[in-house]
Amino acid sequence: ERGYWRKFNVVSNWIDSITVLMECATLDCSKSATLRCPTCIKLGISDSSSYFCSQECFKTSWKAHKSIHTAATVESQLKRNLDFKNFQYTGTLRAGNLSTPRIIPASISKPDYARTGVSKSEESARRSARIRQLSESEIVAMRKVCRLAREVLDEAASVVKVGVTTDEIDKIVHEACIARDSYPSPLNYYHFPKSCCTSVNEVICHGIPDDRPLQNGDIVNIDITLYHGGFHGDLNETYTVGEVDEESRLLIKSAYDSMHAAIASVKPGVLYREFGGVIEKVAKSNKHQVVRTYCGHGINDLFHCAPNVPHYKNNKAVGVCKPGHTFTIEPMLTIGTWRDVTWPDEWTSVTADGKRSAQFEHTLLVTEHGVEILTARLPTSPKFWWE
């Protein structure tokens with residue numbers, strides 16, 4: 001399977017220590033500076049204006065200093081526009097403008113990639129196909145983070161309507177994570193620039209929130225992952241915006257049904273390769289195709305790990321379900337071809353024919369006798385039209 005994620009930037013709101021000696025950027029301060037503005041690091045500003053001798057000088061200079069960030073953001077957007085200038089889009093959706101990076105309080109516990117963009121723990125784990133069986137205390141932690149992730153997704157879903165931008169949804173997600181003392185796992189994961197993924201219409205997955213307002217007739221998938229207490233919880237759902245055509249509604253329901261059909265077959269002793277056949281049977285009964293490029297994955301203290309969980313039949317996934325395994329099932333179904341194209345941002349995956357795609361995802365726990373949906377919907381979760 002092709003790796004589920006790619007690469008991205010630094011996010012934290014503490015000042016990062018480095019070894020190079022520079023002069024403090026604060027006016028009338030000539031002290032040596034070994035600290036850097038965290039937003040400058042995220043924006044790639046490396047000149048002397050990003051260095052400070054202390055937190056005090058940094059705070060004193062903040063009002064004047066932050067204008068540098070605005071200029072850098074404009075430059076970054078110009079580069080993004082240039083990257084997309086001659087790109088041959090497959091559908092009607094177009095890339096929008098990105099807002100400045102959002103800040104994470106220093107008090108929030110962060111995964112190992114939050115500063116560097118690279119998860120050393122995941123890189124190390126890829127050398128082994130071993131699937132971890134979690135202890136009782138680890139399972140308790142997974143239940144908690146998954147419940148929090150569900151709450152955040154429900155908050156995001158509640159604001160989906162015509163005119164709302166996906167960047168506004170990202171802001172709500174970001175603030176909801178912080179309010180729960182949690183880190184939004186996508187942020188800076190292999191350089192992903194936002195706190196959630198928002199995939200509109202023909203976008204299969206990994207859509208980057210931007211300033212495009214949602215339009216009547218759109219469908220949008222919101223993918224949420226939280227990091228809390230040392231563990232990740234991951235889920236997503238696809239929603240309608242205003243009046244949506246019947247073809248798109250059928251696609252969304254088909255994705256939902258295929259996921260739940262696969263979940264119903266989870267129990268100890270079942271091979272991970274078997275879920276794909278269950279999903280594809282439901283999809284084909286509705287004349288939909290299943291995306292093969294991306295798959296479900298193990299999840300625990302690592303965002304992505306073994307096992308891989310393909311969503312199509314006759315796959316070669318390795319492993320058998322055992323009590324204590326935690327993983328995701330997250331089929332992506334399409335109206336047309338299952339083949340995908342990646343935008344120049346190196347993240348946004350769209351259908352090759354520009355037709356729509358829908359997805360649902362849950363984080364699951366294999367129990368002694370079956371399965372527990374850790375990210376299950378709550379009585380307060382927004383209702384789907386078929387409920």
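## Helix packing

Axes are lines fitted to C-alpha atoms, for helices over the stretch in contact, and the angle between two of them runs from 0 to 180 degrees between N-to-C directions. The model described here is a predicted one. In it, helices H6 and H7 pack with their axes 8 Å apart and at an angle of about 150°. Angles over 145 degrees count as roughly antiparallel, so H6 is roughly antiparallel to H7.

The crossing of H6 past H7 is right-handed. On the H6 side, the residues that meet H7 are Ser254, Asp257, Ser258, Ala261 and Ala262. Their counterparts in H7 are Phe275, Val278, Ile279, Val282 and Ala283.

## Nonpolar cores

The largest nonpolar core holds 67 residues. The members that touch the most others are Ile222, Ile224, Tyr272, Phe275, Phe327 and Ile329. Elements that each supply at least two residues to this core include helices H5 (166-179), H6 (246-264) and H7 (275-285), and also strands S7 (219-228), S12 (326-329) and S17 (362-366). H4 gives the largest share, 11 residues.

Ile222 has contacts beyond its neighbours within four places in sequence, among them Leu153, Ala156, Ala157, Val160 and Ile169. Cys197, Leu235, Asn236, Glu237 and Tyr239 are also in contact with Ile222.

## Salt bridges

Across the whole structure, a search finds 20 salt bridges. One of them pairs Glu237 with Arg150, with the closest N and O atoms 2.9 Å apart. Glu237 belongs to strand S8 (residues 231-240) and Arg150 to helix H4 (residues 136-157), so this pair ties together parts that are 87 residues apart in sequence. Both Glu237 and Arg150 are buried. Through shared partners, salt bridges join Arg150, Asp154, Glu237, Arg377 and Glu387 into one network.

Other salt bridges involve partly exposed residues. Glu138 and Arg132 form one in which the closest N and O atoms are 2.7 Å apart. The relative accessible area of Glu138 is 21%, which makes this residue partly exposed, and Arg132 is partly exposed at 22%. Glu123 and Arg126 meet through their side chains in a salt bridge of 2.8 Å, N to O. Glu123 has a relative accessibility of 33% and counts as partly exposed.

Methods:
Residues are numbered from 1 along each chain as its sequence is written. This is a predicted model: local features need pLDDT of at least 70, side-chain atom pairs count only at pLDDT 80 or more; totals for chains, interfaces and linings use all residues. Side-chain values use heavy atoms; hydrogens and water are left out. A salt bridge is a side-chain nitrogen of Lys or Arg within 4 Å of a carboxyl oxygen of Asp or Glu. Buried means under 20% relative accessible area, exposed over 50%, partly exposed in between (1.4 Å probe, protein chains only). Helices (H or I, at least four residues) and strands (E, at least two) are DSSP runs, numbered from the N terminus. A nonpolar core is a set of buried Ala, Val, Leu, Ile, Met, Phe, Trp, Tyr and Cys residues joined through side-chain atoms within 4.5 Å. Contact means heavy atoms within 4.5 Å. Angles under 35 degrees count as roughly parallel, over 145 as roughly antiparallel, 65 to 115 as roughly perpendicular and the rest as oblique. A crossing is left-handed if the near helix is turned anticlockwise from the far one by less than a right angle, and right-handed if clockwise.
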